[in-house]
Every structure is written in C-alpha cells, then in structure tokens.
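Subject: Structure handover

Hi there,

Here is the structure I promised to pass on to you. Please have a look at it first, and then read on for what turned up.

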Amino acid sequence: MALVTTAEVCDANPQLILSTGPGASLLGGNPVVQAQNNAWAGIVVNGCIRDVDEINGCDIGVRALASHPVKANKKGIGEKHVPVNIARTRKFDGEWLYADTDGILVSKTELSV
C-alpha cells in the first residue's frame, strides 16, 4: 500500500492509494479505470471525487468523503510513503485497509477475510 498526497499516480503496481488534499475533486473516472486495469485493490480519498456513476461501474473499491463536479487544479506535487491523518486516525505506509459500505478498518497486518 502506498500512502500519497496526490491522485496523480497510476502505475502498474497493485496497491491501495490514499489521496489527501483540499479543494475540489481529487479523483475522477479516468484514473479509477487505470487503477482497475492495473489490478489495484481500491482507492480511499480523503476529499471529493467526481464522475461517480463511472466510478461505481468499475470493478474497484473507491471510498471518498463526498462528490463534487469541479476538477482540482493539478500541481503535479505530492509525497509517497508518508503518514496521513484521516478522521483523527493516523495511517502509515504498509498498513492494510479493508472497506465496505459501513466504513474502513485499518490493520497493521493482513487479515484473513
């Protein structure tokens, strides 16, 4: 799992990406399709997404705080493998996240589900 602060990363390594940042939508349908094609497990966005119908049609789990129709300004900056605070919980690189419609569970080790 890679923890990053931008949604600009879509490489071929299966991973969960956690995007954070202020502003408008951090993630739209095209990067989600790329992530799905690269066999990612899912994406957690500490912010807004757009293209919700397109994202819901994908075979990849995406969780976000809300939807917003406006794209964020891309600055091409971000960090990988850094701790991120979400909902008063600090997430660290290497932790496992499990999500369903009720919420997200964080574990230091892989769980058998």
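Of the 113 residues in the protein chain, 36% are buried, where buried means under 20% relative accessible area, exposed over 50%, and partly exposed in between (1.4 Å probe, protein chains only). Before you go further, note that this is a predicted model, in which local features need pLDDT of at least 70 and side-chain atom pairs count only at pLDDT 80 or more, while totals for chains, interfaces and linings use all residues. Residues are numbered from 1 along each chain as its sequence is written, and side-chain values use heavy atoms, with hydrogens and water left out.

The overall layout

The protein chain has 2 helices and 8 strands, taken as DSSP runs numbered from the N terminus (helices H or I, at least four residues; strands E, at least two). Read from the N terminus, their order is β-β-α-β-α-β-β-β-β-β. Among contacts with a separation of 6 or more, 47% join residues 24 or more positions apart, a contact being heavy atoms within 4.5 Å.

A buried lysine

Which residue is buried yet has no salt bridge? That is lysine 91, which sits in strand β6. A salt bridge here needs a side-chain nitrogen of Lys or Arg within 4 Å of a carboxyl oxygen of Asp or Glu. For lysine 91 the nearest side chain of opposite charge is glutamate 95, 6.7 Å away (Lys and Arg count as positive, Asp and Glu as negative; His and the chain ends are not counted). The lysine 91 side chain does reach the backbone oxygen of isoleucine 86, at 3.4 Å.

Two alanines with positive phi

Alanine 39 has a phi near 65 degrees, a positive value in a residue other than glycine, and lies in the loop between α1 (29-37) and β3 (42-49). Alanine 87, also not a glycine, has a positive phi of about 50 degrees. Its place is the loop between β5 (84-86) and β6 (89-91), and alanine 87 counts as exposed because its relative accessible area is 68%.

The cysteines

Cysteine 48 counts as buried because its relative accessibility is 16%, and cysteine 58 does so at 13%. The disulfide count is 0, using a rule of cysteine sulfur atoms within 2.5 Å.

Best wishes

Methods. A polar contact is a pair of N or O atoms within 3.5 Å; within protein, one must be able to donate a hydrogen and the other to accept it, and residues adjacent in sequence count only if both atoms are side-chain atoms.
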